[in-house]
Amino acid sequence: MKTDLPQSFRRLEYRPPIYTFDQVELDIALDPVRTIVKSRLEVLPGQGFEVGAPLVLVGQELEFISLRINGQAHRQFELTPETLTIQGLPNDGKDVFTVEIICVCAPEKNTSLMGLYVSNGNFFTQCEAEGFRKITYFLDRPDVMARYRVTLRARESECPVLLSNGNLLGTEQLPHGWHSATWEDPFPKPSYLFALVAGKLECIEETITTSSGAKKLLQIWVEPHDLPKTRHAMDSLIASIHWDEKRFGLELDLERFMIVAVGDFNMGAMENKGLNIFNTKFVLAQPETATDADFANIESVVAHEYFHNWTGNRVTCQDWFQLSLKEGLTVFRDQEFSADQMGSESGRAVKRIEDVRLLRQLQFPEDAGPMAHPIRPDEYQEINNFYTVTVYEKGSEVVRMYQTLLGKDGFRKGMDLYFKRHDGQAVTCDDFLAAMADANNRDLSQFRNWYSQAGTPRVKVQEQYDAVNKQFHLTLTQSCGPSPGQPEKKPFHIPLKMRLITAGNDQAEQLLELTQASQTWTFDGIEERPVLSINRNFSAPVNLDFEQSEADLLTLFNGDDDPFNRWEAGQKLAMRMILNHRLPDAKLIEAYRNVLLDPNLDPAFKDLALTLPVETYLYEQCSSVDPQQIFTARRAFRQEIAKQLQLEWAALYQQMQTPGPFQPDAVSAGKRALKNLALSMLLDADVTTWAPMAVNQYRIADNMTDRYAALAALVMNGAKAAQECLVDFFSRFAKEPLVIDKWFALQSSRPPVDGLDLTLVDVKRLREHPAFKLNNPNRVRSVIHAFCSNNPASFHQADGSGYEFWADSVLALDPINPQVAARLARALDRWRLFAQPYQNKMKAALEKVAACQTLSPDVKEVVGKALGN
Ligand code: TRP
Ligand code: ZN
């Protein structure tokens, strides 16, 4: 039956599986047009078994061929477009029985990039979350865990390499130029961790010895011409393996660990057991083609997927509502890894600032918008829409708060207990919390509210210094606005690190635990009025409501010993002034100058301290956003910094050079970042004077960081030479798709210069460019997303032309790739926050998309929720 109401899945409706599988055998004959999939499933009663219940398998876009049970053709079954229901099971399903199914799928026609698909002539799979059902009929849910043995067959000339999870059992030559390989994964796993890769690929290899003395084979598979770009990913993998042994006592459990890169991929990467599949963007790097940011991202994504081997694969999720159990925890682990790789305390702070900036730019808006959901959602229509910054980044903040509350050792005890209890199981977020609580003898029941309630809590800070009694009173009051389906919130358990800063510097850092709606603390023996430094290192993911004086903020910006809060004070000062349409005053300029000249500060920190909050973060501080006004105010503020400090920028540009061969380490990267900030500031201050220096840097650069930064400075400031350099860049890197993505993205994210905005015209032209392909997600992200999400001043046109472009793009993309279309659809989430005429025009664009009769469930959920249905 077809209804107009979208189907919702609810967390509380979870039922354990009626049947489960023990052994799964797959025999897959790969062909781009018709791939034949034979499965042999050993079925047994599951935890929710009911005598006589039919076996209901799910399948999508499959051609059914045949069904046998215990070796006999079986005729009692019913097929729908999404299910295969098998009745008349032997002995009412009480004993083990085998099901054999033959079906066919069409990888070449699969543009959704979920299930089995073809990219550049090679075969790949993506099964998380529900892609396995596009390969064969199955119990495609994470709490059904089975052992897999997989035989892959293909024409050897087309697919010399055949890979799947686990260990290679053997290969065979077959008639007519075919061959086969058989793989066995010794660890039971859910179907979403299944993977196969086949095609013309080559690998680099390393053998390493892990803590128990076992030898392990590491491989990175890519198209042959990309082999020279794999070294950094391999080094990152090796570092990740050592780090997980050292920090968490977790060892690689397979004899072989493979990473494969693919150019068409919906997300960043995927942690399939022993066979991670990556977007090329997060594997391939050479100094000439990848920026420092790319190098750092590769390191963290490689680590992330590797860390999933324990947090996600060995212990997996009971159902998809528990996604943050693996994602929040694994993001926390990769963030800690990357921080440790920075090599210094101030380096750690830089990493922390970057992570918090991302959280506040992307997750805070999500948490305040129509798609807001708790890190453990209660309801979804399409699970693909819940791979969100809330589940990932806020999920990581929640895990971080355990560590803040329990200490590093206490956290480790909790992790040890979690693995001791749940290795090999599919579990819930409650199980994780229980392990943390039990291992530390702590009552964490109130902490559960972080899992069940959406929205960013607000903490109001009231301070009072009593000079007579030498006391400081601090009152903290928490609240959290309504979220969809959650009008009222209970108080959260909020860990706030704080310190009272006085000239004597005698107050130590403390941890306050705010658990009630409002609490007051009194500090005794405070000899002079202190400056309050609170939520140090961003110990809790909250918004502070704190009217701290500009004088106090300047004090903190000039010298808070917590580098995060030092940076934060600078951001707050800038934000206040921009929102009030003020320019930086003499004191702030002086403070900026001091930061820039301070020999004890890392260049990377200086770069962050002088980088202003992005426009979309500023929007969140307003009740009615005028995007053009905010753009103009921010731009004027930045230009003032550029001009007032022109001498300092010019000096830094020279001092921050990194002579000698390119090194991607954090210190060199920090110098380049500051040097390139200086360059862009100089062009901002006076484009005619400084453009030749940027052109020179563009020409002589031996690495992508410097070449791209120079190009960006020219393009962003409307320099005359920009066009010529863009043309040069395209022809120079025509054979490097990831670099061409940068070329597209730069032009799509160019804001208006001197009131002249041609970007939409350009973006439409780029969409017609022969190198643009709507079915390549990286290209879509670099042209369409870059414009709709990273270029607010050009996107938000009063005539609504930006929104019309958005609507047309979503509608064009949806039939090709619903998952990527739904991400793009999120760009209008915050429409209610905008002033007129923007708000009405955004609503009209959303309605245009919603009116389409053939929308995917993915896009339908996003626009439906945005419009408030
Ligand atoms: N589990 C993957 C990760 O976080 C995410 C992922 C990769 C994914 N590809 C996907 C999720 C496709 C949904 C669909 O590492
Ligand atoms: Zn992940």
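Leu758 has a relative accessibility of 44% and therefore counts as partly exposed, a class lying between buried (under 20% relative accessible area) and exposed (over 50%), with a 1.4 Å probe and protein chains only. The place of Leu758 is the loop between helix 19 (737-748) and helix 20 (759-767), where helices (H or I, at least four residues) and strands (E, at least two) are DSSP runs numbered from the N terminus. This is a predicted model, in which local features need pLDDT of at least 70 and side-chain atom pairs count only at pLDDT 80 or more, while totals for chains, interfaces and linings use all residues. Residues are numbered from 1 along each chain as its sequence is written, ligands are numbered from 1 in the order in which they are written, and side-chain values use heavy atoms, leaving out hydrogens and water.

At the metal site, the zinc ion (ligand 2) is coordinated by His304 (NE2), His308 (NE2) and, through two OE entries, Glu327, at 1.9 to 2.8 Å; donors are N, O and S atoms within 2.8 Å of the metal (3.2 Å for Na, K and Ca), and sites may look incomplete because water is not among the atoms. Along the chain these donors follow the spacing H-x3-H-x18-E. His308, in the loop between helix 2 (292-307) and strand 22 (316-317), and Glu327, in helix 3 (residues 323-341), are 19 residues apart and link distant parts of the chain, and both His308 and Glu327 are buried.

As for the cysteines, the count of disulfides (pairs of cysteine sulfur atoms within 2.5 Å) comes to zero. Cys788 is in no disulfide, since the nearest cysteine sulfur, that of Cys852, is 17 Å away, too far for a bond. Cys788 counts as buried because its relative accessibility is 5%, whereas Cys852, at 26%, is partly exposed.
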